[in-house]
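Welcome! Here is a short report on a protein structure, written for someone meeting it for the first time. Please take a look at the sequence and the picture before reading on.

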Amino acid sequence: MQPFSYKKAGQAENAVALVAPEVQAAYLAGGTSLIDLMKLNVQTPRELVDINPLPLTKIEIQGKGVRIGAMARNSDVAYDAIIQERYPVLSEALLSGASPQLRNMATVGGNLLQRTRCYYFRDTAFPCNKRVPGSGCPAIEGYNRIHAIFGASDRCIATHPSDMAVAMIALDAVVQTRGPNGERSIPLADFHLLPGDTPERETVLQHGELIVAVDLPASKFAKRSHYLKVRDRASYAFAMTSVAAALDIQNGIIRSARIALGGVGTKPWRAYEAEKALLSKPANEATFLAAASVAIAGAKPQKYNGFKVELAKRTIVKALTTVGGMA
């Protein structure tokens with residue numbers, strides 16, 4: 001691990017002022033991902049600014065929705081009574097990720113910023129366009145079983161690892177930030193970037209910009225929601241495919257719908273066309289199958305992950321069936 005200096009910030013403004021001027025400075029929150037990458041020499045910040053003292057841990061009703069502080073721990077969010085009642089898909093997504101010990105440390109802001117588990121990215125013996133732009137992507141011709149079938153480019157095919165972000169994008173979450181140029185409200189759908197020609201840029205955040213909260217709007221579908229994750233083992237494994245599904249059903253007819261996919265995209269993946277395919281249709285197996293077929297229509301599998309296409313389809317149908325059967 002490269003040597004680094006350490007500072008502690010007590011307020012958001014102070015944290016931004018410490019990180020923004022230093023190109024090689026980074027925020028330290030739960031550290032469950034950053035410290036691992038520092039040990040591997042994948043990330044090598046020369047200065048860490050500890051933001052754990054920041055008063056950003058509240059989960060509170062705001063207007064008709066809910067605001068979650070960026071420093072709220074994943075376990076606190078998962079077990080919060082408001083979240084479990086109003087947004088069950090988010091609680092389920094968080095409880096399906098990591099381990100209890102990690103959830104007790106990991107933060108909401110850090111979860112949104114966690115980096116891919118691509119083995120080529122995490123092993124500095126290999127080139128990687130995310131680590132060193134222009135060096136190449138060995139995953140494209142290599143063993144790519146865990147990689148993306150949506151949103152990839154000829155520079156990068158790595159999947160985004162977050163379960164929480166998949167649920168949040170289905171809930172139309174909005175990320176609140178504070179940075180050198182002031183405050184911003186960023187819809188989560190616009191927060192993560194496709195790799196394109198610049199896979200090293202993973203979000204729209206500017207250097208030094210700090211996530212301070214995530215807002216979840218009220219909706220007619222949020223209570224009737226479910227997160228389904230398919231993985232190689234039952235615990236502490238990242239998704240091969242996952243689905244956050246939510247439906248507003250009135251008299252057996254779908255009035256609004258949300259479908260988001262994990263484990264298959266280079267960013268949390270909203271299936272917008274599949275959502276449209278569900279509208280004004282009866283909530284039954286035929287409708288769910290048709291929507292799942294629409295959702296996977298643009299998939300581009302790699303050599304070793306073609307199974308994800310059918311697996312994603314089946315995961316969508318199962319998740320929608322579960323939601324459709326909710327009282």
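Predicted model: local features only at pLDDT ≥ 70, side-chain atom pairs only at ≥ 80, totals over all residues.

## Empty space inside

Let us begin with the gaps between the atoms. Rolling a probe the size of a water molecule over the atoms shows where empty space is left. How many cavities of 30 Å³ or more does the count give? The count comes to 1 cavity of that size. About 90 Å³ of space lies in the largest cavity. Its lining is made by 17 residues, and the closest to the centre are C118, C128, C137, C156 and A158. Sorted by class, this lining holds 11 nonpolar, 4 polar and 2 charged residues.

## Salt bridges

Now for the charged side chains. The model has a count of 15 salt bridges.

| Salt bridge | Distance between N and O atoms |
|---|---|
| K7 and E47 | 3.7 Å |
| K223 and E85 | 3.9 Å |
| E202 and K130 | 3.0 Å |

Take K7 and E47, whose closest N and O atoms are 3.7 Å apart. K7 lies in strand β1 and E47 in strand β3 (residues 47-50), so this pair ties together parts that are 40 residues apart in sequence. Are these two residues buried, partly exposed or exposed? K7 has a relative accessibility of 36%, so K7 counts as partly exposed. E47, in turn, is buried, because its relative accessible area is 10%, and buried means under 20%.

The side chains of K223 and E85 meet at 3.9 Å. K223 sits in the loop between β8 and β9 (225-230), while E85 belongs to helix α4 (residues 81-86), so the pair ties together parts that are 138 residues apart in sequence. K223 counts as exposed at 53% relative accessibility. E85 is exposed as well, with a relative accessible area of 52%.

E202 and K130 form a salt bridge at 3.0 Å.

## A patch on the surface

Which residues make a nonpolar surface patch of about 310 Å²? The patch is made by M1, F4 and Y6. F4 is placed in the segment before β1 (5-8), and F4 is partly exposed, with a relative accessible area of 35%.

## A few single residues

N41 has a phi near 60°, a positive value in a residue other than glycine. You will find N41 in the loop between α2 (34-39) and β3, where N41 is partly exposed at a relative accessible area of 40%. A98 also has a positive phi, near 55°, and is likewise a residue other than glycine. The loop between α5 (88-95) and α6 (100-105) holds A98. With a relative accessibility of 32%, A98 counts as partly exposed.

I253 is in strand β11 (residues 253-262), and I253 is partly exposed, with a relative accessible area of 22%. The C-alpha atoms of I253 and L56 are 40 Å apart, and the two residues are separated by 197 residues along the chain. G263 is in the loop between β11 and β12 (269-270), and G263 counts as buried at 8% relative accessibility. From C-alpha to C-alpha, G263 and A245 are 15 Å apart in space and 18 residues apart in sequence.

Definitions and conventions
Residues numbered from 1 in each chain as written. Heavy atoms only, no water. 1 Å grid on protein atoms, 1.4 Å probe; cavity = no way out; pocket = protein on both sides within 12 Å on 5 of 7 lines; lining within 4 Å. Points joined across faces, edges and corners; volume = space filled by probe spheres on them. Nonpolar A, V, L, I, M, F, W, Y, C, P; charged D, E, K, R; others polar. Patch = residues over 30% accessible without salt bridge, like charges linked within 9 Å, V, L, I, M, F, W, Y side chains within 5 Å. Areas by Shrake-Rupley, 256 points an atom, 1.4 Å probe, with all protein chains shown as cover. Salt bridge = Lys/Arg side-chain N within 4 Å of Asp/Glu carboxyl O. Helix = DSSP H or I, 4+ residues; strand = E, 2+ residues; numbered from the N terminus. Buried < 20%, exposed > 50% of the residue type's maximum accessible area, 1.4 Å probe, protein only.
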